[in-house]
Amino acid sequence: MRSLFQSTLLQLALFAGVGLVVGYELSSIWAGLALAAVIYIAIMLLNFRRVSDWLLLGARVEIPVANTFWTTIMDQISRIIRKLEVENSALKADVDFFKDSFEALDSAVVVIDERGEIDWANVAAQALLGVAIARDKGELLVNLIRAPEFISYLDSGDFSKPLKLHSPVDPKLSLEIQATPFRHEYVLIFVRDVSDLAHLESIRQDFIANVSHELRTPLTVITGYLDIIKGRDEQMPPAMLRVVDQMLEQSQRMDSMVNDLIWLSRLETLPEGQKTELIPLAGLIFGLIEEVRVSAPEKVVSFKLDQVAEGSSSDSVATSNKDLAVPAVESSVAIRGNYDELRAAFSNLLQNAIKYTAVDGCIEIIGAWQWDGFRLKFKDNGIGIDPVHLPRLTERFYRVDDSRTSSTGGTGLGLAIVKHVLIRHQAELHVSSREGHGSSFTCVFPAHLVTK
Ligand code: ADP
């Protein structure tokens, strides 16, 4: 660059020298210099125009100027352009590679921008979603997939879990949709055909539902006869009486298991949001405590409900099973949901707290508003659970230890029912526990489902 600068200075000096000579001949040095400057500027302008035309042609034709200053600059521009072209074609090859791999997928891939308009889609998107990129580019995706659950899935911006949906093209196809935002303004929507899995799942659900229903009648008969036999215990030898007691206990346990299985399959198969109503919480909990007062009178169950803000104690209702005779304080806190389902869930949590506490156990039920919604906590001072078991606690038939369950007559299905009910109410179950120190099972409901 330095030699370019020097040669340009030399050129300028040459022009100035010629201008001085011509000026001397014309007896006006300034006129000679001015003439030289005008000619120099005109040559510069002409070269500048050639360079500009050359650039407009994409710098592909031969360099049109034989002047060191301009040729050096144009050379450098040419080199930069060639380098960019090489980089661009490598980038294009990479993009083509990824596009081809997306095209080869059986699953649909659709990219939408921040306005929800379709930016790109692969071939499978046509078969699964009815999105043809050649026709639908720039179209709003929600105009093509109008299912309300899909629209609210996209609107929510919470893509932590996939969405299950029937295909808008063929309702027999079950789809699993997973959205992933990228580069701030785009969302990649990945759609898998899970019809085979959904079919297997429905066979499994039907099987469990049918078996449970089929088992119900023989079990009722067996339990009924055992009850009759036990009613005549004075005619029976003591050893036989023990056998009948055990048979009765086991058949009652099987009966609860079948009932829980029927509950679970109902929760899995019935669509969400059926028979929802606004359920006054205090009334529901008081009802459950009343039952406990009869079945486990020795345990203390207290209930406290903060009605307004986080931690507020001034505006709350409180009672315990020992003073239920006092009329319940009015409370306006109500949960929007299915009464039977929520009752079953809360009843399971309360029954567990009763089952897994000592004779003089204390159970607190606390309802309070928190930053993440409304929390209903069932806290006991019972035997507690080793934290290693917590992640698997809501699995069907998962038991912390069999001796516990058989001594309490548990089925191992209660918490699975609780989890399903809460999922159907957009709520979550949080469990914390320490062995020997008691447990807390907290249902967290989204604020919009609970009225103050
Ligand atoms: P179960 O009918 O056996 O009680 P659940 O699904 O309700 O089945 O509970 C699963 C397991 O979790 C139980 O077997 C028990 O060991 C443990 N568990 C549940 N609730 C409590 C609790 N409040 N305190 C201690 N252990 C509990």
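Let's start with two strands: β6 and β9 (residues 334-338) pair in the antiparallel sense over five bridges. To count as a pair here, two strands need at least two bridges found by DSSP. Strands themselves are DSSP runs (E, at least two residues), helices are runs of H or I with at least four residues, and both are numbered from the N terminus. Within this pairing, E277 stands opposite G337 in β9.

Before going on, keep in mind that you're looking at a predicted model, where local features need pLDDT of at least 70, side-chain atom pairs count only at pLDDT 80 or more, and totals for chains, interfaces and linings use all residues. Residues are numbered from 1 along each chain as its sequence is written, and side-chain values use heavy atoms, with hydrogens and water left out.

Now bring in β14. The order β6-β9-β14 makes an open sheet of three strands with antiparallel pairing. β6 (276-280) and β14 (450-451) sit at the edges with a single partner strand each, so one side of each has no neighbour in the sheet.

Next, find β12 (residues 428-434) and β13 (residues 438-445), which run antiparallel and are joined by seven bridges. They form a hairpin with three residues between them, and G436 in the turn has a positive phi of about 85°.

For a helix, look at α8 (residues 195-231), where you'll find N210. Is N210 buried, partly exposed or exposed? N210 is partly exposed, because its relative accessibility is 48%; the cut-offs are under 20% for buried and over 50% for exposed, with partly exposed in between (1.4 Å probe, protein chains only). The C-alpha atoms of N210 and I365 are 36 Å apart, with 155 residues separating the two along the chain.

Time to zoom out. The protein has 13 helices and 14 strands. Its radius of gyration is 40 Å, well over the 22 Å that the globule rule gives for 452 residues, so the protein is more spread out than a compact globule. That radius is taken over C-alpha atoms, and the rule is 2.2 Å times the number of residues to the power 0.38. Along its principal axes, the C-alpha trace spans about 150 × 55 × 40 Å. As for burial, 37% of the 452 residues are buried.
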